[in-house]
Amino acid sequence: MESSLCNNPTFIAIYLTEMELSIRPIAHPQSRDPHGFFPLDGKDLNSVTDEALATLLTSSPILHQLGGTTVVRLSETLIMKGGGSVMASEAEMLRLIASRTTIRAPRVYRSFQVKDDTQYFGTSGYIVMDFIPGQPLDESWNSLSRDT
């Protein structure tokens, strides 16, 4: 940006508004269908390999995708979060929250890392957890009161 434009508050507000509009998560409507078809419906999660789960990140209905992180619907009751910024520590934190607090958190069924030299941390992480129905925060954020 030119320095004269950077000092113009109107330009900055418009520029930021355009940036905010272009940074929106992607979601497929069928991913929220409670009776939809999902790849692991009726299957035992323990019978599915980590490699097979990793491939489902690109073929299952997308609940949320932003940047390098994707959340997909695996079954009526399970989702998987995956990407280069998904760390094993996130799964451990969810387990800790569930075991030591009354905060509603999804149960983690499996988490694993796959070597991926294209990612900043050298791995892509995956977390399989409960699907908790409800309205996503990104859809309700603007309607929340600042007092809550």
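What share of the contacts in the protein chain with a separation of 6 or more comes from residues 24 or more positions apart? Such residues account for 53% of these contacts, a contact being heavy atoms within 4.5 Å.

The model is predicted, so local features need pLDDT of at least 70 and side-chain atom pairs count only at pLDDT 80 or more, while totals for chains, interfaces and linings use all residues. Residues are numbered from 1 along each chain as its sequence is written, and side-chain values use heavy atoms, with hydrogens and water left out.

**Figure 1. Overview of the protein chain.** The secondary structure comes to five helices and five strands, in the order α-α-α-β-β-β-α-β-β-α along the sequence. Helices (H or I, at least four residues) and strands (E, at least two) are DSSP runs, numbered from the N terminus. Of the 148 residues, 32% are buried (under 20% relative accessible area with a 1.4 Å probe, protein chains only; exposed is over 50% and partly exposed in between).

**Figure 2. The largest nonpolar core.** This core holds 15 residues, and those with the most contacts inside it are Leu-40, Leu-53, Leu-74, Met-80 and Val-128. A nonpolar core is a set of buried Ala, Val, Leu, Ile, Met, Phe, Trp, Tyr and Cys residues joined through side-chain atoms within 4.5 Å. At least two of its residues come from each of α3, β3 (78-83) and β5; α3 gives the most, with three. Another core, of ten residues, lies apart from it and includes Val-86, Val-108, Ile-127 and Met-129.

**Figure 3. Surroundings of Leu-45 and Leu-53.** Leu-45 is in the loop between α2 (9-22) and α3 (50-56). Leu-45 counts as buried because its relative accessibility is 12%. Not counting residues up to four places away in sequence, Leu-45 touches Leu-40, Leu-53, Leu-78, Tyr-109, Arg-110 and Val-128. Leu-45 and Val-128 are 83 residues apart along the chain, and their C-alpha atoms are separated by 9.4 Å. For Leu-53, with neighbours within four places left aside, the contacts are Leu-40, Leu-45, Val-48, Leu-74, Met-80, Arg-110, Phe-112 and Val-128.

**Figure 4. Thr-69 in strand β2.** Thr-69 belongs to β2 (residues 69-73) and is buried, with a relative accessible area of 15%. Its side chain and that of Ser-85 are joined by a polar contact of 3.0 Å. A polar contact is a pair of N or O atoms within 3.5 Å; within protein, one must be able to donate a hydrogen and the other to accept it, and residues adjacent in sequence count only if both atoms are side-chain atoms. Beyond four places in sequence, Thr-69 is in contact with His-64, Lys-81, Gly-82, Ser-85 and Val-86. The C-alpha atoms of Thr-69 and Gly-83, 14 residues apart along the chain, lie 4.6 Å from each other.

**Figure 5. Thr-123 in strand β5.** Thr-123 is part of β5, and its side chain makes a polar contact of 2.8 Å with the side chain of Gln-113. Leaving aside neighbours within four places in sequence, the residues in contact with Thr-123 are Gly-84, Met-87, Gln-113, Val-114, Lys-115 and Asp-116.
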